[in-house]
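Reader: I would like to learn how to read salt bridges. Please show me the case at hand.

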Amino acid sequence: MVSDSMSEWDETLYAGSAEFYAAGRLPYPLALAEVLRAEDLPGGLGAFRVVSFAQSFHWLDRPRVAAAVRRMLVPDGGMCVFVHATTHEGVPGDDVLPHPRPPREAIASLVRDYLGPLRRAGRGVLPQGTLSGEGDIFRAAGFQEPTRLDVAGGLVVERSADETVASVFSLSSAAPTCSVTGGGAFERDLRGLLRETSATGRSSERTRDISSNSGDRHHRLARAPAGASTHVSRSCRRRRGVGGRPGTRCPWG
């Protein structure tokens, strides 16, 4: 998965991480359910007013998926929404919280000690991070310029040691199947870092801001799909658990 022209699904990406999502991340809405791989769209699902991607589009065959999604949207008001967020960790800071913050920098250093300096992603590495330039891709597919909505974070949340460990294992860069991260010495050292930071095992963090970008399909290019739904929205994630890249960014910005 290094370019849009050579996109290939890696079944080891996030393998073994799903069980850690409920404990390690803020929850997704229950309505976001796994349906099928995004590259298999439209898949006979019909037409929709909203299609949403939650921290996932950068893993896909983006031109193919963007074109397929646009064809699935109703011409009158159909839109595609992208959620950009970091849900596995909070913002750094010096303000006093009920418990110490998790040692995120030390955790990142520990991951590098075990897996090397290049960010892992399944069997591969991402030396330049995940792909960007989604704005050009969606404009080429026939979407209008996006509208951005920011939702402020700052909510103080508490984590147990198990929840902080789960937040690490929920990442594509440190999923349990990534080499030696699946428990054993890595988890022992990780828990040791947490005990050094908080004797009680409890930690606190402030949640990060969340942003979304929504783009309407161009009406002049639209065809009215038969049997269009007027109220259903779907998540077109490849699989449950996609979306672990650290760092909030606005791909359409």
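Reader: Which arginine meets the side chain of glutamate 205 in a salt bridge?

Author: Side chains of opposite charge can pair when their charged atoms come close. Here the partner of glutamate 205 is arginine 159, at 2.8 Å, N to O. A salt bridge means a side-chain nitrogen of Lys or Arg within 4 Å of a carboxyl oxygen of Asp or Glu. The model is predicted: local features need pLDDT of at least 70, side-chain atom pairs count only at pLDDT 80 or more, and totals for chains, interfaces and linings use all residues. Residues are numbered from 1 along each chain as its sequence is written, and side-chain values use heavy atoms, with hydrogens and water left out.

Reader: Are glutamate 205 and arginine 159 buried or exposed?

Author: Both glutamate 205 and arginine 159 are buried. Buried means under 20% relative accessible area, exposed over 50%, partly exposed in between (1.4 Å probe, protein chains only).

Reader: Which residues are linked with them in a network of salt bridges?

Author: Glu89, Arg104 and Arg208 join Arg159 and Glu205 in that network.

Reader: How many salt bridges does a search of the whole structure find?

Author: The search finds 13. One of them joins arginine 101 to aspartate 95, with the closest N and O atoms 2.5 Å apart. Arginine 101 counts as buried, at 19% relative accessibility. Aspartate 95 is partly exposed, at 32%.

Reader: Which residue pairs with aspartate 150?

Author: Arginine 148 does, in a salt bridge of 2.8 Å, N to O. Arginine 148 is partly exposed, with a relative accessible area of 44%.
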